[in-house]
Amino acid sequence: MNQNKLQIIGVNTHLDQIIYNCNNIPEKEGQISIQQTLSVLTCDSEKISIKMERKLLIDGSDNPFLVVSAIGDFFLDQKTKDNFKSHDEMLEYANKRAGFLVDKIQMGSFLSQLIANITGTFANAPIVLPPIINENEQNI
């Protein structure tokens, strides 16, 4: 088949982890780097699981002060496997479409809101991020 399609019949999203290192919290204004990664954890005829992780770092530091991640499970119709010649082709397609899939369920918005809530605790100014980050790294 020329055009591969994932026939998604259900979606589930859940929080994976929160790591908040209070010792690395920025005490003054400065550049904060955002590192976002998407990775396909599982890809089979029943579901595709994609992990979205965001790390916040102070420029010049390799140690993030906040790491949050969520996992989206995309449940597939049994006919989806017929749209691909092999498992490798399906995995490659899922890797290419991972950003599109997590954007459709607004996983980035969920993580942005979570980051704002966490960083805004104890009368601190919340760090508000855009819901969609197209590049792997951005500075704010």
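The count of salt bridges in this predicted model comes to four. Three of them are listed here, including the distance between the nitrogen and oxygen atoms.

| Salt bridge | N to O distance |
|---|---|
| Asp16 and Lys51 | 3.3 Å |
| Glu53 and Lys55 | 4.0 Å |
| Lys96 and Glu92 | 3.3 Å |

Which parts of the chain does the bridge between Asp16 and Lys51 tie together? Asp16 belongs to strand β1 (residues 8–20) and Lys51 to strand β3 (residues 47–58), so the bridge links parts that lie 35 residues apart in sequence.

The salt bridge of Glu53 with Lys55 has its closest N and O atoms 4.0 Å apart. Glu53 is buried, at 13% relative accessibility, whereas Lys55 is partly exposed, at 27%.

Lys96 and Glu92 both lie in helix α1 (residues 87–104). They are four residues apart there, so about one helical turn separates them. Lys96 is exposed, with a relative accessible area of 63%, while Glu92 counts as partly exposed at 47%.

One aromatic pair is found in a search of the whole structure. Phe84 and Tyr93 form this pair, with 5.6 Å from centre to centre and 55° between the planes. Is Phe84 buried or exposed? Phe84 is buried, with a relative accessibility of 8%.

A charge also sits over a ring: the charged end of Arg97 is placed over Phe100, 4.3 Å from the centre of the ring.

The remaining topic is helix α2. What end-to-end span should helix α2 have, at 1.5 Å a residue? Helix α2 has 13 residues (107–119) and should span 18 Å; its end C-alpha atoms are 18 Å apart, so the two values agree. Buried residues of α2 include Met107, Gly108, Leu111, Ser112 and Leu114. Ile115, Ala116, Ile118 and Thr119 of α2 are buried as well. Among the elements that cover the buried residues of α2 are β1, β3, β4 (66–76) and α1.

Key:
Residues numbered from 1 in each chain as written. Predicted model: local features only at pLDDT ≥ 70, side-chain atom pairs only at ≥ 80, totals over all residues. Heavy atoms only, no water. Phe/Tyr/Trp six-rings, centres within 6.5 Å; stacked < 30°, edge-to-face > 60°. Buried < 20%, exposed > 50% of the residue type's maximum accessible area, 1.4 Å probe, protein only. Lys NZ or Arg CZ within 6 Å of the ring centre and 35° of its normal. Salt bridge = Lys/Arg side-chain N within 4 Å of Asp/Glu carboxyl O. Helix = DSSP H or I, 4+ residues; strand = E, 2+ residues; numbered from the N terminus. Expected span 1.5 Å × (residues − 1). Contact = heavy atoms within 4.5 Å.
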